[in-house]
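Subject: Structure handover

Hello,

Here is the structure I promised to pass on. Please open it first, then read my notes below.

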Amino acid sequence: MRDDHGIDVLDDRRSELGEGPVWDERTGDVVWVDITGCAVHTHRLADGARRTLATPTAVGAVLPRAQPGEGWLALLEAGPALLAEDGTVSALGTFAEAGGRAPATAVRANDAKCDPRGRCWCGTMAWDQSLEQGALYRLDPGARMPARILDDVTISNGLAWSSDARTMYFIDTTTQRVSAFDYDIDSGTIANRRTLVEIPEADGLPDGMAIDADDCLWVAFWGGGAVRRYMPDGRLDRVVALPCAQVTSCAFVGPALDRLVVTSAWHGLAEPEPLAGSTFVLDPGVTGTKTVAFGA
């Protein structure tokens with residue numbers, strides 16, 4: 001089940017907590033964050049040109065906006081913000097305001113994705129990883145305040161939608177499962193939560209996630225040193241081993257969406273790993289789905 005996928009280091013900037021890679025088709029850049037490093041990294045596939053933008057707080061994810069030159073939607077510690085090409089930050093509403101109450105412990109943004117209509121779904125987690133202190137939110141295009149959709153989340157992570165947009169997939173890491181919801185694309189609402197994949201603890205912690213053109217899920221495993229592909233019925237299809245333990249997320253990139261970029265982290269390692277925190281690229285053997293821009 002383990003394959004040779006021609007894994008290379010795409011970018012050797014070693015993130016403490018690399019996360020959330022996306023494909024920005026407007027510019028041909030792979031974009032990802034270093035959450036605790038308060039940085040947004042870009043890497044242009046065509047020529048390797050690189051940039052780093054500093055953020056004022058921890059940044060859980062960034063998503064391209066719909067038009068060229070608009071920059072990105074950034075999910076900062078306190079809530080969403082617009083991040084301009086020159087690094088200027090314009091804050092939107094906060095997670096605390098959206099929830100209508102102050103959290104019991106300090107929280108931060110974590111993973112985020114846009115649904116096929118360009119709505120941003122984004123989650124939070126407690127800095128100390130306290131149980132059920134996070135939540136899952138939705139930010140609609142043109143809105144300033146996110147709406148709180150799902151409570152009692154511990155570590156909000158991977159998100160994906162099926163090709164017919166009738167199913168949303170979600171990972172709350174400590175549950176050791178991939179959940180599925182019925183999705184109403186017109187209203188942007190979820191219902192009927194159920195388990196698609198139960199994950200043995202020996203495999204590691206499920207983290208970020210991408211979906212390919214065959215509706216198969218690619219899940220990164222923190223502590224598991226791998227990305228695993230699951231069929232639409234939840235069966236494990238393959239395991240791609242990475243040269244570090246703390247694999248965090250993945251995304252399909254390139255004009256043909258035929259490359260898979262994988263982020264990693266060195267945060268919390270008991271023993272040093274030479275490539276931990278690097279961003280990798282591999283040949284997945286399938287084509288993927290594009291990163292949907294915010295406001296698309």
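Start with Cys250. The model is predicted, and in it Cys250 counts as buried because its relative accessibility is 0%, under the 20% cut-off. Cys250 takes part in no disulfide. The nearest cysteine sulfur is that of Cys216, 13 Å away. A disulfide would need the two sulfur atoms within 2.5 Å. Cys216 is likewise in no disulfide, with the sulfur of Cys250 as its nearest cysteine sulfur. Cys216 has 2% relative accessibility, so it counts as buried. Searching the whole structure turns up 0 disulfides.

Now the overall picture. The protein has 24 strands and 1 helix. Its radius of gyration is 17 Å, close to the 19 Å that the globule rule gives for 296 residues, so the protein is as compact as a globular protein of that length. The C-alpha trace spans about 50 × 40 × 40 Å along the principal axes. Of the 296 residues, 55% are buried. The exposed surface comes to about 11,600 Å², and carbon and sulfur atoms supply 49% of that. Take the contacts with a separation of 6 or more: residues 24 or more positions apart account for 46% of them.

Next, the inside. The largest nonpolar core holds 32 residues. Those with the most contacts inside it are Val40, Val62, Leu73, Leu75, Ala112, Cys120 and Cys122. Several strands give two or more residues to this core, including S3 (29-34), S6 (59-64), S10 (107-114) and S11 (120-126). Which strand gives the most? That is S7, with 5 residues.

Leaving aside residues up to four places away in sequence, Ala112 touches Ala61, Leu63, Leu75, Cys120, Trp121, Cys122 and Leu159. There is also a second, separate core. It has 24 residues, among them Trp23, Val253, Leu260 and Leu282.

Then look at strand S3. Is S3 mostly covered or mostly open? It is mostly covered: 6 of its 6 residues are buried. In a regular strand, side chains alternate between the two faces of the sheet. In S3, Asp29, Val31 and Val33 point one way. Val30, Trp32 and Asp34 point the other way. All of these residues are buried, the two aspartates Asp29 and Asp34 included.

Strand S2 (residues 18-24) pairs with S3 in the antiparallel sense, over 5 bridges. Within that pairing, Val22 stands opposite Val31 of S3. The S2 and S3 hairpin has 4 residues between its strands, and Gly28 takes a positive phi near 75° there.

On to strand S4 (residues 39-44). It pairs with S3 over 6 bridges, again in the antiparallel sense. Here Asp34 stands opposite Ala39 in S4. S3 and S4 also form a hairpin with 4 residues between them. In its turn, Cys38 has a positive phi of about 50°.

That covers the cysteines, the cores and the S3 region. Over to you.

Best wishes

Methods
Residues numbered from 1 in each chain as written. Predicted model: local features only at pLDDT ≥ 70, side-chain atom pairs only at ≥ 80, totals over all residues. Heavy atoms only, no water. Core = buried A, V, L, I, M, F, W, Y, C linked by side-chain atoms within 4.5 Å. Buried < 20%, exposed > 50% of the residue type's maximum accessible area, 1.4 Å probe, protein only. Contact = heavy atoms within 4.5 Å. Pairing = 2+ DSSP bridges. Rg over C-alpha atoms; globule rule 2.2 N^0.38 Å. Areas by Shrake-Rupley, 256 points an atom, 1.4 Å probe, with all protein chains shown as cover.
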